[in-house]
Amino acid sequence: MGHSYEDSKKLATKIITILAIITIAEVGLALLAKGYISESIHFPIAITGGIMIILSLIKAYLIVYEFMHMKYEVPGLVKSVLLPTLLLVWAVIAFFMEGDYWRNSRNYIKDKNESKVEMNDEVKQEGRLLEEKTYQSN
Amino acid sequence: MADATVTHADHQVEESNWGGGSRPFKASYGKLMMWYFLLSDAFTFAGFLIAYGTLRVSMNTWPVPDHVFSTFPGGLHHKPLYFVTVMTFVLLFSSFTMVRAVQEGQRENKNGVVFWMLLTILGGLGFLGCQAWEWNTLIAKEHVSITKNPFSAHVQAGVYLEGDGHDIKEGDTFEAGEPYLIHKHDGEWHNLKYKLTEDGPQGKAGDVMEQQFGPKAFGALFFFITGFHGFHVLSGVVFLLIIMLNVATGLYVKRRNGYEMVEKIGLYWHFVDLVWVFVFLVFYLL
């Protein structure tokens with residue numbers, strides 16, 4: 001590992017201080033953005049969310065690479081653990097987008113159900129055409 | 001979990017990929033397997049967080065975290081996210097003490113290892129105590145269960161027609177997005193009545209409505225995910241205790257791989273801290 005005992009102690013103290021500062025920054029940002037520190041300040045959720053995710057990823061990097069010593073491991077080991085994890089991140093993002101789609105679909109259906117449609121000839125013809133298409137494709 | 005592939009001093013064991021005598025990735029079997037176990041555990045937690053995230057994003061309203069988590073021991077209220085920040089610091093600090101324990105193990109300082117591992121265990125127990133307090137507040141005081149969620153948020157602006165004896169008084173106005181908690185007294189839920197002050201998706205101005213319960217999934221997701229994490233903290237504390245006692249008896253002094261056992265449980269402990277970083281982010285900050 002190449003670090004002397006004293007250097008290792010100093011490094012650990014440095015990392016934990018950085019982690020503590022990042023944590024305070026995350027919480028501070030969360031409270032600031034929601035208006036708890038000053039009533040007039042409100043950040044859009046996309047910006048605060050984005051910054052907090054980045055800060056958490058930095059914390060994750062420090063914990064995995066320094067505390068768990070990933071930095072000093074053989075590249076093969078590093079890749080065999082981190083590449084699947086990156087795929088996980090992709091899965092998380094994909095599912096958040098999926099949840100968004102569900103919400104939009106549900107709201108669309110709700111709006112359509114509650115909206116009033118005048119039953120004129122055009123609408124009736126549309127309905128007949130749709131029915132024909134459905135029976136044809138079966 | 002000591003290195004079983006021993007090379008005898010007199011003759012060399014030929015290193016071959018499948019014939020033994022080699023250390024893939026230059027790591028011991030135990031350490032490599034701990035990494036892969038943590039990877040599999042990461043998939044499990046990711047699955048749960050995906051379930052939470054997807055369901056939450058798919059709903060129009062969701063309990064506002066800084067409103068739900070705003071109590072502090074000592075009867076304090078309106079301290080949003082204070083307590084959970086304290087919990088995060090406790091776990092973070094216990095990760096630091098774990099690093100120190102591993103460092104003392106590397107210079108074979110038995111007493112140093114015991115000291116720093118003890119601090120780590122105390123940190124873990126402290127975190128569990130805090131989580132228990134949090135659960136008690138939610139379950140016994142605020143009556144969140146896996147079937148009912150009294151935390152919700154208003155969809156439209158309005159004015160309250162009655163008070164709840166806590167923060168809300170008759171005549172208090174609120175805006176869209178404002179969170180509320182339905183209180184329960186003597187076994188009875190008190191869904192406050194209010195009047196809408198403008199037209200919107202819920203109804204027209206002047207309509208009288210009642211506070212509705214929030215999304216049912218909140219309780220199940222919160223308790224299951226924090227419970228699963230807490231279970232990991234608990235099992236981590238148990239293992240830390242066992243290994244600390246092993247260190248104290250001098251079990252690792254003569255081992256060929258020294259205090260590697262402390263390193264391995266250290267990896268597990270840092271993983272538990274890492275999962276908390278993301279649970280904290282997803283449940284409390286976002």
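Reader: Happy to start with chain B: at roughly what angle do the axes of helix 1 and helix 5 of chain B cross?

Author: In this predicted model, the axes of helix 1 (residues 29-57) and helix 5 (residues 217-248) of chain B cross at roughly 160° and come within 10 Å.

Reader: How should I read that angle: is helix 1 of chain B roughly parallel or roughly antiparallel to helix 5 of chain B?

Author: Angles over 145 degrees count as roughly antiparallel. Helix 1 of chain B is therefore roughly antiparallel to helix 5 of chain B. As for handedness, the crossing of these two helices of chain B is left-handed.

Reader: Which residues meet where helix 1 and helix 5 of chain B come together?

Author: From helix 1 of chain B, look for Phe48(B), Ala51(B), Tyr52(B) and Leu55(B); they meet Ala217(B), Leu221(B), Ile225(B) and Phe228(B) of helix 5 of chain B. By class, this contact has eight nonpolar residues, with no polar and no charged ones.

Reader: Now to the interface. How many residues of chain A are in contact with chain B?

Author: On chain A there are 40, in contact with 39 residues of chain B. Helix 1 (5-33), helix 2 (45-67) and helix 3 (75-114) of chain A each supply at least two residues of the side that touches chain B. Helix 3 of chain A gives the largest share, 15 residues. By class, that side of chain A has 25 nonpolar, seven polar and eight charged residues.

Reader: And which domains does the assignment give for chain A?

Author: It gives domain 1 (1-72) and domain 2 (75-138) of chain A. Taken over C-alpha atoms, the centres of these two domains of chain A are separated by 36 Å.

Conventions
Residues numbered from 1 in each chain as written. Chains lettered and ligands numbered in written order. Predicted model: local features only at pLDDT ≥ 70, side-chain atom pairs only at ≥ 80, totals over all residues. Contact = placed C-beta atoms within 7 Å. Helix = DSSP H or I, 4+ residues; strand = E, 2+ residues; numbered from the N terminus. Nonpolar A, V, L, I, M, F, W, Y, C, P; charged D, E, K, R; others polar. Axes fitted to C-alpha atoms, helices over the stretch in contact; angles between N-to-C directions. Parallel < 35°, antiparallel > 145°, perpendicular 65-115°, else oblique. Left-handed = near helix turned anticlockwise from the far one by under 90°. Domains from an automatic or database assignment.
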